[in-house]
Amino acid sequence: MADQVYVMNDEIIIFRLQKCFDLKTNREVANFLGLSESMVSKILKGKKSLSLFYRLKILCKFGRVTSSTELLAELIDAYHD
């Protein structure tokens with residue numbers, strides 16, 4: 001059985017971030033991630049998307065990746081599998 005990859009859209013990622021870290025407003029999300037409030041609003045409306053940098057930053061916030069070295073090792077392992 002092949003491994004399945006599930007990719008979340010940006011809106012779901014932000015909503016989960018809000019729920020897990022009790023972020024009530026777009027401004028709180030923006031401050032948490034280091035984005036502008038208007039960028040968060042555009043992402044939620046589907047006009048912009050989260051860059052790889054911000055997706056990785058969110059993974060770090062969730063404790064899924066603790067360092068860039070660990071991330072690179074995981075990416076290399078995944079590529080060779």
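**Entry 1: helix α2**

I began with the buried residues of α2, which pack against α1, α3 and α4, taking contact as heavy atoms within 4.5 Å. I am working on a predicted model, in which local features need pLDDT of at least 70 and side-chain atom pairs count only at pLDDT 80 or more, while totals for chains, interfaces and linings use all residues. Residues are numbered from 1 along each chain as its sequence is written, and side-chain values use heavy atoms, with hydrogens and water left out.

In α2 (residues 26-33) I found Val29, Ala30 and Leu33 buried, where buried means under 20% relative accessible area, exposed over 50% and partly exposed in between, with a 1.4 Å probe and protein chains only. Because these residues cover an arc of only 100° around the axis, they are on the same side of α2; the arc is that of the directions from the helix axis to the C-beta atoms. On the face turned away from this buried side, I noted the exposed residues Arg27 and Asn31. After α2 comes Gly34, with a positive phi near 80°.

**Entry 2: the chain as a whole**

I then counted elements and found five helices and zero strands, where helices (H or I, at least four residues) and strands (E, at least two) are DSSP runs numbered from the N terminus. Buried residues make up 22% of the 81 residues in the chain. Of the contacts with a separation of 6 or more, 38% are accounted for by residues 24 or more positions apart.

**Entry 3: helix pairs**

For α2 and α3, I noted that the axes come within 8 Å and cross at roughly 110°; axes are lines fitted to C-alpha atoms, for helices over the stretch in contact, and angles run from 0 to 180 degrees between N-to-C directions. The two helices are therefore roughly perpendicular to each other, given that angles under 35 degrees count as roughly parallel, over 145 as roughly antiparallel, 65 to 115 as roughly perpendicular and the rest as oblique. Here Asn26, Arg27, Val29 and Ala30 in α2 meet Glu37, Val40, Ser41 and Leu44 in α3. The residues of this contact divide into four nonpolar, two polar and two charged, with Ala, Val, Leu, Ile, Met, Phe, Trp, Tyr, Cys and Pro counted as nonpolar, Asp, Glu, Lys and Arg as charged, and the others, Gly among them, as polar.

For α1 and α3 (residues 37-44), the axes also come within 8 Å, and they cross at roughly 125°, so this pair is oblique. Asp10, Glu11, Ile14 and Phe15 of α1 make the contact with Val40, Ile43 and Leu44 of α3, a set with five nonpolar, no polar and two charged residues.

Is Asp10 buried or exposed? Asp10 lies in α1 (residues 10-21) and counts as buried because its relative accessibility is 9%. Leaving out residues up to four places away in sequence, I listed Ile43, Lys48, Ser49, Leu50 and Arg55 as touching Asp10.

Arg55 is in α4 (residues 52-61) and, at 27% relative accessibility, counts as partly exposed. Although Arg55 and Asp10 are 45 residues apart along the chain, their C-alpha atoms are separated by 8.8 Å. Their side chains make a polar contact at 2.4 Å, meaning a pair of N or O atoms within 3.5 Å; within protein, one must be able to donate a hydrogen and the other to accept it, and residues adjacent in sequence count only if both atoms are side-chain atoms.

**Entry 4: a loop residue**

Last, I looked at Asp22 in the loop between α1 and α2, which has a positive phi of about 55° although it is not a glycine.
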